[in-house]
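Please consult the sequence and the structure shown here while reading the points below.

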Amino acid sequence: MKTINEKYLCVLAYLGFFVTGFILLVVEKNNKKVKFHAMQSFIFFGVLFLATLILGALPLIGGLIKFLLSIVTLASYFYLMYTAYKGIEFKVPYIGDAIYENVYK
């Protein structure tokens with residue numbers, strides 16, 4: 001059976017935001033690079049999703065902040081997929097550093 005290329009699994013971790021990140025965390029046990037991207041995707045996009053839900057409940061200013069946060073989410077989505085495809089282990093500030101130390105110990 002042919003396995004999927006590591007590069008494509010790293011991109012797949014970001015493709016479905018935190019959902020595919022979680023799925024790859026459960027499925028992938030051996031590849032540390034894929035595990036890093038999956039964990040980063042799960043935590044980063046999960047936090048952004050929760051922040052969007054919470055801010056959406058705030059009247060007036062919540063809508064503006066939610067809109068700005070969605071722009072940041074979209075830009076991060078494409079950038080993280082691009083860096084994963086190029087083989088660059090871009091670490092999201094704070095989140096990526098903690099994950100990197102945890103995965104590569």
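Does Lys-91 count as buried, exposed or partly exposed? At 34% relative accessibility, Lys-91 counts as partly exposed, where buried means under 20% relative accessible area, exposed over 50% and partly exposed in between (1.4 Å probe, protein chains only).

This is a predicted model, in which local features need pLDDT of at least 70, side-chain atom pairs count only at pLDDT 80 or more, and totals for chains, interfaces and linings use all residues. Residues are numbered from 1 along each chain as its sequence is written, and side-chain values use heavy atoms, with hydrogens and water left out.

**Charged side chains**

- A search of the whole structure finds 1 salt bridge, defined as a side-chain nitrogen of Lys or Arg within 4 Å of a carboxyl oxygen of Asp or Glu.
- Lys-91 and Asp-97 meet through their side chains in a salt bridge, at 3.7 Å from N to O.
- Asp-97 is partly exposed, its relative accessible area being 37%.
- Lys-91 also places its charged end over the ring of Tyr-100, 4.5 Å from the ring centre; a charge sits over a ring if NZ of Lys or CZ of Arg is within 6 Å of the ring centre and within 35 degrees of the ring normal.
- The charged end of Lys-7 sits over the ring of Tyr-85, at 4.3 Å from its centre.

**Helix α2**

- Helix α2 spans residues 17-27, and its buried residues are Thr-20, Gly-21 and Leu-24. Helices are DSSP runs (H or I, at least four residues), numbered from the N terminus.
- Viewed down the axis of α2, these buried residues fall within an arc of 105 degrees, so they line one face of the helix. The arc is that of the directions from the helix axis to the C-beta atoms.
- An α-helix has 3.6 residues a turn, so residues three or four places apart point the same way.
- The cover over the buried residues of α2 includes α1 (6-15) and α3 (32-56).

**Aromatic pairs**

- The whole structure holds 11 aromatic pairs. Rings of Phe, Tyr and Trp (its six-membered ring) pair if their centres lie within 6.5 Å; planes under 30 degrees apart count as stacked, over 60 as edge-to-face and the rest as tilted.
- Phe-22 and Phe-42 form a tilted pair, 5.5 Å centre to centre with 40 degrees between the planes.
- This pair links distant parts of the chain, with Phe-22 in helix α2 and Phe-42 in helix α3, 20 residues apart.
- Phe-22 is partly exposed at a relative accessible area of 45%, and Phe-42 is partly exposed at 32%.
- The ring centres of Phe-45 and Tyr-77 are 6.5 Å apart and their planes stand at 70 degrees, so the pair is edge-to-face.
- Phe-45 in helix α3 and Tyr-77 in helix α4 (residues 61-86) are 32 residues apart, and their pair links distant parts of the chain.
- Phe-45 and Tyr-77 are both buried.
- Ring pairs join Tyr-14, Phe-17, Phe-44, Phe-45, Tyr-77 and Phe-78 into a cluster.

**Nonpolar core and contacts**

- The largest nonpolar core has 18 residues, of which Tyr-14, Leu-24, Phe-44, Phe-45 and Leu-80 touch the most other members. Such a core is a set of buried Ala, Val, Leu, Ile, Met, Phe, Trp, Tyr and Cys residues joined through side-chain atoms within 4.5 Å.
- At least two residues of this core come from each of α1, α3 and α4, and α3 gives the most, with 6 residues.
- Thr-73 lies in helix α4 and is buried, with a relative accessible area of 15%.
- Not counting residues up to four places away in sequence, Thr-73 touches Phe-17, Phe-45 and Leu-48; contact means heavy atoms within 4.5 Å.
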